[in-house]
Amino acid sequence: MILVTGGAGFIGSNFVMNWLVQSDEPIVNLDKLTYAGNLKNLISLQGDHRHQFVQGDIGDANLVSSLLKQHQPRAIINFAAESHVDRSIHGPGDFIQTNILGTFRLLEVVRGYWDELNASAKQNFRFLHVSTDEVYGSLSRDEAAFTEEHRYQPNSPYSASKASSDHLVRAYHHTYGLPVLTTNCSNNYGPYQFPEKLIPLMIVNALAGKPLPVYGDGQQIRDWLYVIDHCDAICRVLEAGRIGEVYNIGGWNEKPNIEIIQKICDLLHESYPESSFQQLITYVTDRPGHDRRYAIDASKIERELNWKPAETFDSGIRKTIQWYLQHPSWIADVQTGAYREWIEKNYAGARS
């Protein structure tokens, strides 16, 4: 079996469901259930004996140690993280606590567990750490995309905390021999994404007739990766990745934010031709330290592990919009008072 941390969040829950579609190998799913963790993401797995959910913190050494002793996983996949740049600007402490200290405490417990495995189990064990392209900093429009050798230059509390966790994972391999793998992905999108991120926020706001806030001039460029492609890539890295290596996972889909928003408006217009969603686009003051461009060079994973994304942006964004249109109750359930307060705090008074 495998242990997945953060498996009730956006990417984690998609990974868990995708794994169990392809394999009967059981999963123990550890998630703290913060604002972005949602058990309703996993409702399709109710009654499935292959999936066991445990609410808890990766920083709880006693709990993690107990789970490892009880279930004896052959691998751990660490999705658990605070992951939103805007939230890290307003409250960096949670990001330091979870992404740095949480990862450290998890690594310490895992190291102790791994040390006590028999020779065969020790050789086959893997710790796969899921990270982000934001650790590499920002690119100009003409610079080459991030490779695995790119210098770390994080520019937000979020990306700095993830960079720190990456360094800890690397150090535990080089110092203690822990068999680790690290993946750095580009911007994910798809089903079950909490609507504070760009794509679901635009879909949800447009459907509600609310403004579609665009930071600055909207020309910030990101590489977009459909979440199921990301999940498949992680499976491939776990299966065949070289111990100690880093693999960048990207969608080969660089697009400016304003183009993404306009595309969403156009696709929603196909379903609601009487509505003019483009009129909802509202430019707001740019956020502090906003990175201009991210771009992933995913050549290494394609060359070494024969992986490349199955979805184009056009096919992925259509699937994503259809999912949100078909799941209004999920949207309503995640839009709690706390979420509405957060949106107001982040965007109030920011119009330009």
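Strand β9 (residues 221-226) runs antiparallel to β11, and 3 bridges join the two. This is a predicted model. Around this pairing the briefing covers an open sheet of 3 strands, a parallel pairing of β8 with β12, a set of 16 aromatic pairs and a nonpolar core of 73 residues.

**The three-stranded sheet**

- The strand order is β7-β9-β11, in an open sheet with mixed pairing.
- β7 (187-189) and β11 (254-256) are the edge strands, and each pairs on one side only.
- From one strand to the next, the twist averages 50 degrees.
- Across the antiparallel β9 and β11, Arg222 stands opposite Lys255 of β11.
- Strands of a sheet pair through backbone hydrogen bonds, in either a parallel or an antiparallel way.

**Helices across the sheet**

- Helix α8 (residues 227-240) lies across β7 and β9. Its direction is at about 70 degrees to β9.
- Helix α9 (residues 257-271) lies across β9 and β11. The angle between α9 and β11 is about 85 degrees.

**The β8 and β12 pairing**

- Strand β8 (residues 212-215) and strand β12 (residues 281-284) run parallel, joined by 4 bridges.
- Leu212 has Ile281 as its bridge partner in β12.
- Leu212 and Val214 point one way from β8, while Pro213 and Tyr215 point the other way. All of these residues are buried.

**Aromatic pairs**

- The structure holds 16 aromatic pairs.
- Why is the pair of Phe95 and Tyr158 edge-to-face? The ring planes stand at 75 degrees, with the centres 6.3 Å apart, so the pair falls in the edge-to-face class.
- This pair links distant parts of the chain, 63 residues apart. Phe95 belongs to helix α4 (residues 93-115) and Tyr158 to helix α6 (residues 157-176).
- Phe95 counts as buried, at 2% relative accessibility. Tyr158 is also buried, with a relative accessible area of 7%.
- The rings of Tyr189 and Phe313 have centres 5.4 Å apart and planes at 55 degrees, so this pair is tilted.
- Tyr189 lies in strand β7 and Phe313 in helix α11 (residues 313-326), so the pair ties together parts 124 residues apart in sequence.
- Both Tyr189 and Phe313 are buried.
- Tyr189 and Phe313 also belong to one aromatic cluster with Trp224 and Tyr226.

**Charges over rings**

- Arg111 lies over the face of Tyr176, at 3.9 Å from the ring centre.
- Lys300 has its charged end over the ring of Tyr247, 4.9 Å from the centre of that ring.

**Nonpolar cores**

- In soluble globular proteins, nonpolar side chains tend to be buried together.
- The largest nonpolar core here has 73 residues.
- Which residues have the most contacts inside the largest core? They are Phe15, Ile77, Ile199, Ile264 and Ile301.
- Ile301 is in contact with Ala233, Val237, Tyr247, Asn248, Ile249, Asn306 and Trp307, leaving aside neighbours within four places in sequence. Tyr247, one of these contacts, is the residue whose ring sits under the charged end of Lys300.
- Another core, of 24 residues, lies apart from the largest one. Its members include Leu3, Leu67, Ala80 and Tyr172.

Definitions and conventions:
Residues are numbered from 1 along each chain as its sequence is written. This is a predicted model: local features need pLDDT of at least 70, side-chain atom pairs count only at pLDDT 80 or more; totals for chains, interfaces and linings use all residues. Side-chain values use heavy atoms; hydrogens and water are left out. Two strands pair if DSSP finds at least two bridges between them. Axes are lines fitted to C-alpha atoms, for helices over the stretch in contact, and angles run from 0 to 180 degrees between N-to-C directions. Contact means heavy atoms within 4.5 Å. Buried means under 20% relative accessible area, exposed over 50%, partly exposed in between (1.4 Å probe, protein chains only). Rings of Phe, Tyr and Trp (its six-membered ring) pair if their centres lie within 6.5 Å; planes under 30 degrees apart count as stacked, over 60 as edge-to-face and the rest as tilted. A charge sits over a ring if NZ of Lys or CZ of Arg is within 6 Å of the ring centre and within 35 degrees of the ring normal. A nonpolar core is a set of buried Ala, Val, Leu, Ile, Met, Phe, Trp, Tyr and Cys residues joined through side-chain atoms within 4.5 Å.
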